Amino acid sequence: MAGEGQKSKGWFWWVLVTVIAVLVIVAVALTILKDFHSKAAKVHHSPVEQKYADALGIAMQFFDVQKSGQLVNNRISWRGDSGLMDGSGEGLDLSKGMYDAGDSMKFSFPMAFTATMLSWAILEYGDQMDAVKQLRNAQDSLKWITDYLINAHPSPNVLYIQVGDPDLDHECWQRPESMTLQRPLTQVNTSYPGTEVAAETAAAMASASLVFKKINSTYSSLLLMHAQQLFAFADTYRGSYSVTAPSEQRFYNSSGYGDELLWAASWLYLASADRSYLRYATIDHGQEFGNWRQPSWISWNDKLPGVQVLLSRVDFFGASEVPITENLALQMYRETAEMMMCSLLPDSPTATSSRTESGLIWVTEWNSLLHPVGSAFLAVLYSDYMLTSGTEALFCSERSYTPGNLRDFAISQVDYVLGENPMKLSYLVGFGENYPQYVHHRGSSIPADATTGCKDGFKWLNSSAPNPNVAVGALVGGPFRNETYSDSRNNSMQGEPSTYNSALPVGVLSGLVTSSSVANSFL
């Protein structure tokens, strides 16, 4: 019996030691695994590229230059409160928002595009912005626009899309702080629809709801509600806003609303996880509106390149959760996006010829920098999607390119804008030592202490002196195809900045500030 007791105790201690050993091994393994996952989830940044960080800080300030309303934490010494009564005739507060360009108009179509692109930049590169202390500025500028858009949507099927009369506004040259003109409102509704502007505003609201989801959940939910209502309005009551608001035709004439419907549906899918929106953009209307295999140029008027890259993101990171029918359509969007990327690479077999001798993408005389900067932003995004997903190569007619090639293209466009061009001129006002001095911009051209009416302010337009106030962060229109630029205040084709351009350099510069991966999900 004693021998059996000794054996039992020995067996007990052997089991105990074995269990302890196993537990130790498991604990060590779990620690290693946890450490592995921690490192895998962490975004690793390269050192900050100071040139791009400086340029980002400057570009961000143009939003402050363009703000309407009662200013808060005003960073621009020569700006003051303005537009405080906008909307009051209809019982609305439309004082916020941003002026369109060098004038004092508020056009919701390009303003909403500004908000959508700024939201996208924050969602993808908010950590880079934060690394150089620009994230809060970006969020504040975004909210300044979305506050206006919320107030401009007082009921589900009514959206105010314009403040001011462009003909009257352009007959005056005065600071917005000194405006004396009547500011009539223009709306779209069920009788006078405006699918493009309603859908673009829905995209702005949906993307912004993702930005504010963790910061202010109540505000985020409000934005999403407005986005869903606006999308339903845009889709149910289809009609071009260019017909409803003929004055827009001379400024922001729309070429069609299919791209905005796909754009809004894509953002609503990401913001709500409601697959009916993904089905809308893929199975239901992808072939109808998507122009698959026909790449184009992103702009305030054409959102299809944005749709293609945004839905490529879904294909890169969320395809396993998508039914096969939607997946096939996602593949078509991604294929079209890759055709676009191949056209941007200068030595690709399918490279576009729409570029200057020095390599700048060049499509139109008016606002020529819109397309190269927008293309550079999409190229950085696609490059980072490839890196994060472990996709090593992009094939262009059987020739392969790396994510680094796309990033190099984006850098070439940005460096051109910042001064590496035949004019040795920075087209980003305030960056470097040589930038335009005669920007076509009312507030920038008139001394802050000047007292001017509607007509007598034109002496400042025609003055031979440089602008007394620097429109910091303004991206001017840009060079001609022959790479020349005439720095004249009357040269609005080349020298007028626009608010919707501002989100594009902010986006691409944020992507270039440091090298890093992107998050697999905005949520």
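Contact here means heavy atoms within 4.5 Å. The model is predicted: local features need pLDDT of at least 70, side-chain atom pairs count only at pLDDT 80 or more, and totals for chains, interfaces and linings use all residues. Residues are numbered from 1 along each chain as its sequence is written, and side-chain values use heavy atoms, without hydrogens or water.

Val 309 touches Trp 120, Ala 337, Met 340, Met 341, Leu 378, Leu 381 and Tyr 385, leaving aside residues up to four places away in sequence. Val 309 is also among the residues with the most contacts inside the largest nonpolar core, which has 153 residues. Such a core is a set of buried Ala, Val, Leu, Ile, Met, Phe, Trp, Tyr and Cys residues joined through side-chain atoms within 4.5 Å; buried means under 20% relative accessible area (1.4 Å probe, protein chains only). Helix α4 (residues 108-131) gives the most to this core, with 13 residues. Helices are DSSP runs (H or I, at least four residues), numbered from the N terminus.

The axes of α4 and helix α21 (residues 499-513) come within 8 Å and cross at roughly 15°. Axes are lines fitted to C-alpha atoms over the stretch in contact, and angles run from 0 to 180 degrees between N-to-C directions. α4 is therefore roughly parallel to α21 (angles under 35 degrees). Their contact includes Met 117 of α4 and Gly 507 of α21. By class, it has 12 nonpolar, six polar and no charged residues. Nonpolar covers Ala, Val, Leu, Ile, Met, Phe, Trp, Tyr, Cys and Pro; charged covers Asp, Glu, Lys and Arg; the others, Gly among them, are polar.

Helix α11 (residues 258-272) packs against helix α14 (residues 304-318) at about 30°, with axes 9 Å apart.

Conventions: Buried < 20%, exposed > 50% of the residue type's maximum accessible area, 1.4 Å probe, protein only. Helix = DSSP H or I, 4+ residues; strand = E, 2+ residues; numbered from the N terminus. Parallel < 35°, antiparallel > 145°, perpendicular 65-115°, else oblique.
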